Amino acid sequence: MLFRRSAGAGNYAYATARVKARKAFLFPRDTYLKLLQMDVPEISRFIGESKYKEEIDELATKYSGIDLMEYALNLNLARDFGQIMSFCEGDLKLLIGSYLNRWDIWNIKSILRGKSFGASEEEIRETLVPAGSLSTQKLNDLIRKGTIADVVEGLAGTMFYKPLTSALDEYNRTHLLSAFENALDKAYYANLMAIKIAGTTADELFISFIKHEIDAVNLRTLFRLKRENVEHDKIMAYMIPGGSKFGMDDLRKLAQAPNYNEFVGMLKEYKLPEDMGPAIQKSQETGSLNSVEIALRKALIANGEKISHLYPLSVTPILGYIVRKNTEVNNLRIIARGKESHLSDEAIKSQLVI
């Protein structure tokens, strides 16, 4: 099922005005630096007295500590994005809704993982962020399914059914969830790229952002799999078509690099984000890909922020807000979990996107 442009143009002026008001409440950089100076109880108190108070209070009888913060952050994120969808109309709603379907992918993957590892219904439910097109009721129905095959059948009639059924044979043969996850990721981006663009520059910027994201996802996968010496044919099965700078021929050439070091060397032929050079060097020094993945994420978020200011009455300011809101929740989660694990402030800060 492909996304199609709806008949209405969209209520851009109204929707962007409401999102602009929300943007004013996003935490500034200084807030994260302040949180880094706090211990876990102080962070918990700060979040409980902030815009996340309603969700903290709502879940406080069921959870405590870091778990309470994490579930409250997820619930707030889902509600915030749900409210944005509720006041968007026409083509704008289609574009934003298509982008937010990533949370459907997140939730389906969580349910499949939960079923695979024998997690309880409650444990699976706690990992969900119902900010996509699948309702909470639908997600609960899927959680109650007995087997992975039942979950797949439960998605009949949705855009996720065909890619999941096409991956079912591979899963039955290998028992690896990556078959489903890869199929879902490809379906998500294929549907986004299939949106019929009206031709406005802002809409084209929206699609350009998605293409850059595909590049980032493919590069991250290449770094991980090349370092594990995975055969290039298997790597190519995970590559997502439609990137901006890296076409399928480029990706195949990189996947065929004889080893990890030569793969890294071949990347010099491409114009990478400014921070990637130092990030790759640090990765080679530490043996961790953390710096590379953070640099890719920072570059993507910076791109989203940049285009959000170009056309004030378009989809891009709303996209920019969604990206920043998601980043805020991720940063808060990283700080809270880092403090709980007694990581140094410097180690936690290196993982933040600020």
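A polar contact is a pair of N or O atoms within 3.5 Å; within protein, one of the two must be able to donate a hydrogen and the other to accept it, and residues adjacent in sequence count only if both atoms are side-chain atoms. The model is predicted, so that local features need pLDDT of at least 70 and side-chain atom pairs count only at pLDDT 80 or more, while totals for chains, interfaces and linings use all residues. Residues are numbered from 1 along each chain as its sequence is written, and side-chain values use heavy atoms, with hydrogens and water left out.

View 1. Helices are DSSP runs of H or I with at least four residues, numbered from the N terminus. The side chain of Asp 104 reaches the backbone nitrogen of Leu 134 at 2.9 Å, and a polar contact of 2.6 Å joins the side chain of Asp 104 to that of Ser 133.

**View 2. His 175, in the loop between helix 11 (161-174) and helix 12 (178-193).** Although His 175 is a residue other than glycine, its phi is positive, near 60 degrees. His 175 is exposed, with a relative accessible area of 56%, where exposed means over 50% relative accessible area, calculated with a 1.4 Å probe and protein chains only.

**View 3. His 342, in the loop between helix 19 (315-340) and helix 20.** His 342 is not a glycine, yet has a positive phi of about 60 degrees; at 71% relative accessibility, His 342 counts as exposed.

Definitions and conventions:
Helices (H or I, at least four residues) and strands (E, at least two) are DSSP runs, numbered from the N terminus. Buried means under 20% relative accessible area, exposed over 50%, partly exposed in between (1.4 Å probe, protein chains only).
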